[in-house]
Amino acid sequence: MNEIAHNLAQVQNKIFAATERCGRAPEEVTLLAVSKTKPASAIAEAVDAGQRIFGENYVQEGVDKIRYFADNSEATLEWHFIGPLQSNKSRQVAEHFDWCHTVDRLRIATRLSEQRPAELPPLNVLIQINISDEQSKSGIALSELDALAAEVAALPGLVLRGLMAIPAPEPDYEHQLAVCQKMADAFASLKNRFSTVDTLSLGMTDDMDAAIAAGSTMVRIGTAIFGARDYSAR
């Protein structure tokens, strides 16, 4: 077993343990492997180990990888865009990705809807919440969610699937859980309003346990699978 396959197995074991502790089924939590800055060869190792769902933060890098694996792999992969999205990059996301986690304004959502090719299924989207009110983070306040969700759900090229957040680092589990619970409450309310909503993208390596306990359905894990990232080439 190579290192990436070993790491994937370790992460899956941690997800299993976390769900067991809070009485959830492991299959309720999807592992999104964050492959940003990693070469296609590393992703190929993860694919060989059974991973099929990958997250990219940079549009062009992600598109290059999507095209590469479309031409060089028999596996059907699912690609999630999880980085901040600028208007001038929306077309590439609409044309190539399966999901976008970072919708935080109507203008971006409208562009994604209009630019989604008719021959593709609607783009799955999540609304990003700035749950910790950080100036440096994208996302909307919870108070803005109801209005934006209604607008996004009405767009024909999109399917509103749920919410995403990147909480600020918290020093201990109880603080993490409190923040994650706010997201879980907003998610539950959104599910009651829209039948398509089924995804709460919440939790990374350091707060995965709290996110799963609160009800996350998708955790985004990168370094624990692929190792430390090298940004020097960017």
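The expected span is 1.5 Å times one less than the number of residues, and helices (H or I, at least four residues) and strands (E, at least two) are DSSP runs numbered from the N terminus. The model is predicted, so local features need pLDDT of at least 70 and side-chain atom pairs count only at pLDDT 80 or more, while totals for chains, interfaces and linings use all residues. Residues are numbered from 1 along each chain as its sequence is written, and side-chain values use heavy atoms, with hydrogens and water left out.

Within α7, now pick out Gln 176, Val 179, Cys 180, Met 183, Ala 184, Ala 186, Phe 187 and Leu 190, which are buried (under 20% relative accessible area, with exposed over 50% and partly exposed in between, using a 1.4 Å probe and protein chains only). They cover an arc of only 165° around the axis, which puts them on the same side of α7; the arc is that of the directions from the helix axis to the C-beta atoms. Turning to the face away from this buried side, one finds the exposed residues Glu 174 and Asn 192.

Next, display β5 (123–129), α6 (145–153), β6 (158–165), β7 (199–201) and α8 (208–214), against which the buried residues of α7 pack, contact meaning heavy atoms within 4.5 Å.

Leaving aside residues up to four places away in sequence, Arg 193 touches Asp 146, Ala 149 and Ala 150. The side chains of Arg 193 and Asp 146 are joined by a polar contact of 3.2 Å (a pair of N or O atoms within 3.5 Å; within protein, one must be able to donate a hydrogen and the other to accept it, and residues adjacent in sequence count only if both atoms are side-chain atoms).

Finally, colour Phe 54, Tyr 68, Phe 69 and Trp 79, which form one aromatic cluster. Rings of Phe, Tyr and Trp (its six-membered ring) pair if their centres lie within 6.5 Å, with planes under 30 degrees apart counting as stacked, over 60 as edge-to-face and the rest as tilted. Phe 69 counts as buried at 5% relative accessibility, and Trp 79 is buried too, at 4%.
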